[in-house]
Amino acid sequence: MSHFICPKCDEKHYIFGDGGAKKISEQFHIPFLGEIPLNSGIMSGSDLGKPIMITNPDSPSAKAFRSSAKNIAAQCSILASKLQQEMASEGTEPAPEASTTS
Ligand SMILES: [Zn+2]
C-alpha cells in the first residue's frame with residue numbers, strides 16, 4: 001500500500017511518504033516490484049473472498065496488482081536463468097523445465 005488516490009481531487013496522496021520502498025530497494029540492490037494504491041475495495045473484497053481483480057478489474061489497484069505480478073514473474077524468470085547458467089558453469093544438469101515456453 002503506497003498511496004491513496006483521492007476520489008475528490010483525483011490526486012495521489014502519499015500517506016506513508018513517497019518513494020520509501022523504491023529507495024530501500026535501491027539501497028539493498030533488490031528489485032522494486034511496484035506500488036499498490038490504498039483502496040477500501042481491496043479490504044472489503046478480500047473479506048468476502050472477492051479480489052479486486054474480479055470486482056473492479058479496471059481500477060488503479062487492480063492494474064497495480066497486474067503490473068506487480070508481471071514484475072514478479074520477470075524476476076522469477078531472471079533468477080531461473082541465472083540458476084541455469086550457474087549450474088551449467090558448474091557442470092551440473094539444470095533442473096527440468098516445469099513448463100514449456102517459447
Ligand atoms: Zn484529495
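Reader: Which residues does Ile-5 touch, not counting residues up to four places away in sequence?
Author: Ile-5 touches Asp-10, Lys-12, Pro-37 and Pro-60. Two residues are in contact if their C-beta atoms, placed from the backbone, lie within 7 Å. A word on the source: this is a predicted model, where local features need pLDDT of at least 70 and side-chain atom pairs count only at pLDDT 80 or more, while totals for chains, interfaces and linings use all residues. Residues are numbered from 1 along each chain as its sequence is written.

Reader: Thanks! Where is Ile-5 placed?
Author: Ile-5 sits in strand β1. Strands here are DSSP runs of E with at least two residues, helices are runs of H or I with at least four, and both are numbered from the N terminus.

Reader: And what stands opposite Ile-5 in β2?
Author: That is Lys-12. Strand β1 covers residues 3-5 and is joined to β2 by two bridges, with the two strands running antiparallel. Two strands pair if DSSP finds at least two bridges between them.

Reader: In what order do the strands lie in the sheet?
Author: The order is β2-β1-β3, in an open sheet of three strands with mixed pairing. The edge strands are β2 (12-13) and β3 (37-38), and each of them pairs on one side only. In general, strands of a sheet pair through backbone hydrogen bonds, either parallel or antiparallel.

Reader: Is Ile-5 buried, exposed or partly exposed?
Author: Ile-5 counts as partly exposed because it has 15 C-beta neighbours inside 10 Å. A residue is buried with 20 or more other C-beta atoms within 10 Å of its own, exposed with 12 or fewer, and partly exposed in between; the C-beta atoms are placed from the backbone.

Reader: What about Asp-10, buried or exposed?
Author: Asp-10 is exposed, because it has 7 C-beta neighbours inside 10 Å. Asp-10 lies in the loop between β1 and β2. Its phi is near 65°, a positive value in a residue other than glycine. Most residues other than glycine have a negative phi.

Reader: Where is His-29 found?
Author: His-29 is in the loop between α1 and β3, and its phi is also positive, near 55°. With 6 other C-beta atoms within 10 Å, His-29 is exposed. Ile-5 and His-29 are 24 residues apart in sequence and 29 Å apart in space, C-alpha to C-alpha.

Reader: How many buried residues does helix α1 have?
Author: Zero among its eight residues (20-27), so the helix is hardly covered. Across the protein, buried residues make up 4% of the 102 residues.

Reader: Switching topic: how many helices and strands are there?
Author: Four helices and three strands. Along the sequence they follow the pattern β-β-α-β-α-α-α. The protein is more spread out than a compact globule, because its radius of gyration is 18 Å, well over the 13 Å that the globule rule gives for 102 residues. That radius is taken over C-alpha atoms, and the rule is 2.2 Å times the number of residues to the power 0.38.

Reader: What span should helix α4 have?
Author: At 1.5 Å a residue, the 31 residues of α4 (60-90) should span 45 Å, and its end C-alpha atoms are 45 Å apart, which agrees. The expected span is 1.5 Å times one less than the number of residues. After α4 comes Gly-91, with a positive phi near 80°.
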